[in-house]
Amino acid sequence: EGSWVKGTLKSGEEARIHISELSGYKVTNIEQFAVPGDTLQGFVKQIKPDFVDVTMKDDISKRVKLSQLKLGQQSEATVTHHNPRIGAFVDIGAANSALVPIDDFDGWTKGERFRTLCSQLPIGERVKVLIKEVDVAKGHITATFVPPSTTELLRRGLERIQN
């Protein structure tokens, strides 16, 4: 339903997975990946009162625990998903993706801020972020985009021209 896929674990508990957690590439339509009745293997991210949150990206036990993140910590990240209502999600190597809020970007309207976000944080791009907030209980990480220096922008431009 929407961006979430619901399923049932072998134990009978309800599980759900966001389409951004299905694999290492962008899935825009769940039918590209699975159909009802398919058996899938994943990793438990978080056990919540009414469902189990699951990922299929990789073994979650090899990722940084949210409790190990420090406020103000700078991290390399890969942009994994854009949401026009709330912002961009980035993979910082932790168990959960971090949210870079849409309100952090320039623009008078939410649409303008979303266009700015998409131009500054294209999906798949490696960027730097600063950890602003970590809520271990909810499994939420909020980060701020650290714009690249002029030197970094020039280097990226040259790499794109050469490729």
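Reader: In which element does R113 lie?

Author: Helices (H or I, at least four residues) and strands (E, at least two) are DSSP runs, numbered from the N terminus. R113 lies in helix 1, which covers residues 110-120. This is a predicted model, in which local features need pLDDT of at least 70 and side-chain atom pairs count only at pLDDT 80 or more, while totals for chains, interfaces and linings use all residues. Residues are numbered from 1 along each chain as its sequence is written, and side-chain values use heavy atoms, with hydrogens and water left out.

Reader: Is R113 buried or exposed?

Author: Buried means under 20% relative accessible area, exposed over 50%, and partly exposed in between, with a 1.4 Å probe and protein chains only. R113 has a relative accessible area of 15%, so it is buried. Contact means heavy atoms within 4.5 Å. With neighbours within four places in sequence left aside, R113 is in contact with I102, D103, F105, D106, G107 and W108.

Reader: Why does N96 count as buried, and where is N96 placed?

Author: N96 counts as buried because its relative accessibility is 9%. Its place is in the loop between strand 6 and strand 7. N96 and I141 are 45 residues apart in sequence, with their C-alpha atoms 7.4 Å apart in space. By contrast, F43, in strand 3 (residues 43-47), is partly exposed because its relative accessible area is 29%.

Reader: How many helices and strands does the chain have?

Author: The chain has two helices and nine strands. From the N terminus on, their order is β-β-β-β-β-β-β-α-β-β-α.

Reader: In which sense do strand 1 and strand 2 pair?

Author: Two strands pair if DSSP finds at least two bridges between them. Strand 1 (residues 4-8) and strand 2 (residues 14-18) are antiparallel, with five bridges. In this pairing V5 stands opposite I17 of strand 2. The hairpin has five residues between the strands, and G12 takes a positive phi near 95° there.

Reader: Which residues have the most contacts inside the largest nonpolar core?

Author: A nonpolar core is a set of buried Ala, Val, Leu, Ile, Met, Phe, Trp, Tyr and Cys residues joined through side-chain atoms within 4.5 Å. The largest one here has 22 residues, and those with the most contacts inside it are V90, I92, V100, L121, V127, V129 and I141. Two or more residues come from each of strand 5 (74-83), strand 6 (87-91), strand 7, helix 1, strand 8 (126-135) and strand 9 (140-146). Beyond its neighbours within four places in sequence, V129 is in contact with residues including V90, I92, V100 and F145.

Reader: How many aromatic pairs are counted?

Author: Rings of Phe, Tyr and Trp (its six-membered ring) pair if their centres lie within 6.5 Å; planes under 30 degrees apart count as stacked, over 60 as edge-to-face and the rest as tilted. The count is one aromatic pair. The ring centres of F105 and F145 are 6.3 Å apart and the planes are at 25°, so the pair is stacked. It links distant parts of the chain, with F105 in the loop between strand 7 and helix 1 and F145 in strand 9, 40 residues apart. F105 and F145 are both buried.

Reader: Where is confidence lowest, and where is it highest?

Author: The predictor's confidence in each residue is its pLDDT, from 0 to 100. Confidence is lowest in helix 2 (residues 150-162), at a mean of 66, and highest in strand 7 (residues 98-101), at 95. The chain averages 81, and 78% of the residues score at least 70. Where pLDDT is low, the predicted coordinates should not be read in detail.
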